[in-house]
Amino acid sequence: MSDDLLKKVISHAKEYGFVFPSSEIYDGLSAAYDYGQLGAELKNNIKHYWWTAMVRMHENIVGIDASIFMHPTTWKASGHVDAFNDPLIDNKDSKKRYRADVLIEDHIEKIEAKNRKDVEKAAKRFGEAFNEAEFRSTNDRVLKRQEEMDRINEAFKTAMEADDLAAVKALIEELGIADPETGSRNWTDVRQFNLMFKTELGAVSGDSGIIYLRPETAQGIFVNYLNVQKSGRMKLPFGIAQIGKAFRNEIIARQFIFRMREFEQMEMQFFVKPGTQGEWYEYWKAERLKWHKALGLGENMHRYHDHVKLAHYADAACDIEFNFPMGFKELEGIHSRTDFDLRQHEEYSGRKLRYFDPETQESYIPYVVETSIGLDRMFLATLSAAYQEETLEDGSQRTVLRIPAALAPVKAAVLPLLKKDGLPEKAREVLNLLQLNHNVQYDEKDAIGRRYRRQDAIGTPLCITIDHDTLNDEAVTVRDRDAMTQERVAIADLAAVVEKKVGLATLFA
Ligand code: GAP
């Protein structure tokens, strides 16, 4: 995995209509992207897989679609107005703005890169006998650098915990960190920057009219807890799921669709009896990893990262990290959020947000275990893991997207071998047979080999060729994207063959 792969994925995504820079004719808008004709399909398929797994396959989970705008007190109660901040610093010469924590992390990464280089060199020198752990714990230079990284990490953590932004600036100066673009070390003080986008409500002027674009979808679930519980006659434990846009004014948004200012989340809040949150946390941790692994995006592509330092409202939290082209990074969070959110909303709204337990005849605020995945990150994970350049047996090259068949934007391509002899008409009959249930493309241009390559490049799992024999035997040739094998299938069996290959059932098996 490398930056090179990320560049290739970005350019492939644009060339084939997955992702375009937003408003490109005006030179784009930083960190905003548009999903193209195939991107929108892939995104929808990911949503469908998530919604099916979470809502349809769980009797006790229901889905909602809350408004993006919420009463401003929501964000006071949730803590976002006061604490949803990043430490930022400006360079006085370049006028560029950076996240102080990212400047420090990048500095640490440069030191670690030197260590990795030494490890690689030593590995080459010692060959098979090389033991990386032993080398790292005995080599003087590597050890010194590790000590330096630990010291910086500790100093930064201490400063942030004490909300001592002057100490953060002092650390940046002490480390000689320069503006990555201009090399200038002329920094302003560090200050906290709230990540919520503000806007104004129609007819109300002044501060009382300020509302926010939601920075997470979760609060739309919390404020509807009682509505859903009562109207759906839900009994604990139960979940509320939601897919929707979220907005964060990220100071640096980079790495393509990994960190954006407008993105989509798929979140589920699972309301449980206090005291049982530990077992539900473990349940969802395992269940969510299973969901990811069922896609078969590759061995060792996922790992857990357990949070050591917990947010004040959480009693357990972890990320599921994915091996993106930039390395392992957060894809999904699983958080045991206690009763923090509902309790805060009770306090700020003055309304009771409780559950009357018919078994114990008690009334209490439920605890919550949350699963929260970024749809755009899931999109990037799928696309980057799928992208492959291959040399075939005959020496020719192909670029193929090995997207899991159930997520592929186009499920099958229907290809008449020739543009005459009644083959296009027969092909359209086949198309009609499939298109109600699947996104199917018709293509009659160019030689069949080139048409296969085009479909490989967009990840179409099946190519269905209609030839002269089809007119007599009512059968077609079905070519598999991955194995590139071909089999003859009766048209009467085609719908079942396609469904077996691309249906969601394959993932749940
Ligand atoms: N309700 C909990 C919550 O929002 P989070 O860890 O801040 O938790 C959850 O966000 C997920 O949303 C992340 O794991 C990530 O996949 C996605 N996400 C967060 N910020 C993002 C951004 N700026 N761009 C794209 N995805 C983002």
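What percentage of the contacts in the protein with a separation of 6 or more comes from residues 24 or more positions apart? The answer is 66%, where contact means heavy atoms within 4.5 Å.

Before going further, a word on what you're looking at. This is a predicted model, where local features need pLDDT of at least 70 and side-chain atom pairs count only at pLDDT 80 or more, while totals for chains, interfaces and linings use all residues. Residues are numbered from 1 along each chain as its sequence is written, and side-chain values use heavy atoms, with hydrogens and water left out.

## The overall picture

The protein has 509 residues, and 50% of them count as buried. Buried means under 20% relative accessible area, exposed means over 50%, and partly exposed is in between (1.4 Å probe, protein chains only). Along the principal axes, the C-alpha atoms fill a box of roughly 80 × 70 × 50 Å.

You'll find 18 helices and 23 strands here. Both are DSSP runs numbered from the N terminus: helices are H or I with at least four residues, and strands are E with at least two.

## Two helix pairs

Let's start with α5 (residues 100-126) and α7 (residues 140-161). Their axes lie 10 Å apart and the helices pack at an angle of about 165 degrees. Axes here are lines fitted to C-alpha atoms, for helices over the stretch in contact, and angles run from 0 to 180 degrees between N-to-C directions. That angle makes α5 roughly antiparallel to α7. The naming goes like this: under 35 degrees is roughly parallel, over 145 roughly antiparallel, 65 to 115 roughly perpendicular, and the rest oblique.

The crossing of α5 and α7 is left-handed. A crossing gets that label if the near helix is turned anticlockwise from the far one by less than a right angle, and it is right-handed if clockwise. On the α5 side, the residues that meet α7 include I104, I108 and I111; on the α7 side, V142, M149 and I152 are among them. The residues of this contact divide into seven nonpolar, four polar and seven charged.

Now for α14 (residues 423-434) and α17 (residues 491-502). Their axes come within 10 Å and cross at roughly 45 degrees, so α14 and α17 are oblique to each other. This crossing is right-handed. K426, V430, L433 and L434 in α14 meet I491, L494, A495 and V498 in α17. The tally for this contact is seven nonpolar, no polar and one charged.

## A few residues to look up

Here is how some residues compare in accessibility.

| Residue | Relative accessible area | Class |
|---|---|---|
| L392 | 13% | buried |
| A490 | 31% | partly exposed |
| R233 | 71% | exposed |
| D27 | 75% | exposed |

L392 sits in the loop between β17 (387-391) and β18 (397-401). Leaving out residues up to four places away in sequence, L392 touches R398, R453 and M484. F328 is 64 residues from L392 along the chain, and their C-alpha atoms are separated by 30 Å.

A490 belongs to strand β23 (residues 486-490). Its contacts, apart from neighbours within four places in sequence, are E474 and A475.

Most residues other than glycine have a negative phi, and most peptide bonds are trans. D27, in the loop between β1 (19-21) and β2 (33-35), has a positive phi of about 75 degrees although it isn't a glycine. R233 also has a positive phi, near 45 degrees, and lies in the loop between α10 and β9.

P237 is found in the loop between α10 (225-231) and β9 (238-247). The peptide bond from L236 to P237 is cis, with omega near -10 degrees.

Terms used. Ala, Val, Leu, Ile, Met, Phe, Trp, Tyr, Cys and Pro count as nonpolar, Asp, Glu, Lys and Arg as charged, and the others, Gly among them, as polar.
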